[in-house]
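Here are my notes for you on this one. Have the sequence and the model open side by side while you read.

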Amino acid sequence: MASFLQFLLLFSSSIHLIFVSADDDQSSAAQPRPRPPMPILRPTNLFLKVQKDGATGLHVTQIFKRTPPVQLNFVLDLNGQFLSVNCENKYLSSTFNAPVCHSAQCSRANTHSCRTCSPRTPRLPMARPGYCHVNACAVTAVNPVTQQSAISELAEDVLSIPSALGSWPGPRVTVPQFLFACAPSILLQRGLPQNVQGIAGMGHSRISLPSQLASHFGIPPKIAFCLASGSGQNGIIFFGEGTFVMLPGTDVSRQLMYAPLFIGQQGEYMMNVQSIQINNVVVPLPPRLRSNQATLSTTTPYTMLHQSIFTALTRLFIRKFPGVPPVTAVAPFGLCFNANNISYSKMGPQVPSIKLVLDNQQKIRWTISGQNAIVQARPGVMCLAMVNGGMNPRAPIVIGAHQMEDNLVQLDLVNSRIGFSNSLLLQRTNCANFNNNMTTTP
């Protein structure tokens, strides 16, 4: 009898264990298993949205700086040496620092000058924005519109920028100790759009925005930008290996043509122009001006030409535009027409095309046509969107922002070449179509 009771106890215990095990399996099956942690991917490229300011024609981007982060407006300066910031206008940040003179940061900025403070200038021994710091690094900040300059202080603080993983937006990523210049507020006010807090220098220097981003994140030193032509529309600028797919699914990078890229003494981006053509006819130029280095400038609204080049180009332009006589010019332009005599196409106003020939074989040509060649100066008057730069311009040819709008331009410092698409209107798209999917995740 006792053995029979022991058998029953063992049997019931086994059945209980079986049911408990089955219930545990069902419970674990019903509960969703935790997802494995997503791998942290290094961004393949970074990007900034860029808008055209209607009042000045300058292009403005927004960058997050400081701790806590604040979104600030900066004028895009393709040739600027560094980021210049107005530190006198309510600059509050817990991570601000002013590197001392002869420090590693100053060497990186290629400055060996020490800041001196006048008796009337507020100064503090500790780092605080808007004050003069004894023995801080001195740098020279420049307003690219007025060409005025001022002694400024090298500083460092947190900078955040949107990232992209291929053609998809990623989170904002951070440079903890981004070097920039604290510039006087008066320098960053004249000639610039309202509410702008500084200049975003994109030139070829060790502390320009592209250089610091490439160094910190290990992305290739490449810059690609597409400036929108309409006021308030979003263009874009990419840092690194960009994916240039636009609505309706057009990969505009396939259309890029490449020419050699050169770097000027001030870190500006340049290319050689072998000749200029209007409707495939070469503009006759003096021998010393037949081959010129052209500078690209986002802070020059319209292409500026040496006076001899401008005179020869406008004469040929008039001959190639029969039936549309010039009218009184509207400053700052030198050649204007009655808008009622100009017809339109998908490229904009139908006017003679201007081509910058960039190779001896005349196969690589930057074409300026339609809305890139002409601008409405006032109601009823349209003008050639180029200006006379006088006899002593800073470069014989300065390609302005108007000529680069609705074009994809890539500055490839890895291969020392410049790529350009010519007008995207030919592909029935424009630079504003880049941003439909580019919404940043925090």
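1. Start with Asn 422: its side chain reaches the backbone nitrogen of Thr 367 at 2.8 Å. That counts as a polar contact, meaning a pair of N or O atoms within 3.5 Å; within protein, one must be able to donate a hydrogen and the other to accept it, and residues adjacent in sequence count only if both atoms are side-chain atoms. You'll find Asn 422 in the segment after strand 33 (417-420).

2. A caution before going on: this is a predicted model, where local features need pLDDT of at least 70 and side-chain atom pairs count only at pLDDT 80 or more, while totals for chains, interfaces and linings use all residues. Residues are numbered from 1 along each chain as its sequence is written, and side-chain values use heavy atoms, with hydrogens and water left out.

3. Is Asn 422 buried or exposed? Buried, with a relative accessible area of 10%; the cut-offs are under 20% for buried, over 50% for exposed and partly exposed in between, using a 1.4 Å probe and protein chains only. Leaving aside neighbours within four places in sequence, Asn 422 is in contact with residues including Met 257, Trp 366 and Asp 406, where contact means heavy atoms within 4.5 Å.

4. Trp 366 turns up again in the largest nonpolar core, which has 79 residues: Phe 180, Phe 239 and Trp 366 touch the most other members. Such a core is a set of buried Ala, Val, Leu, Ile, Met, Phe, Trp, Tyr and Cys residues joined through side-chain atoms within 4.5 Å. Apart from this core lies another, of 20 residues, among them Val 60 and Leu 179.

5. Which helix gives the largest share of the 79-residue core? Helix 4, with six residues. Its buried residues include Phe 310, Leu 313 and Phe 317. The 13 residues of helix 4 (307-319) should span 18 Å at 1.5 Å a residue, and the end C-alpha atoms are 19 Å apart, which agrees. The expected span is 1.5 Å times one less than the number of residues.

6. Now look at the open sheet of four strands, with the order 22-23-29-28 and antiparallel pairing. Strand 22 (326-327) and strand 28 (374-378) are the edges, each pairing on one side only. Two strands pair if DSSP finds at least two bridges between them, and strands 22 and 23 have two. Val 327 stands opposite Cys 336 in strand 23.

7. Finally, the whole protein has five helices and 33 strands. These are DSSP runs numbered from the N terminus: helices are H or I with at least four residues, strands E with at least two.
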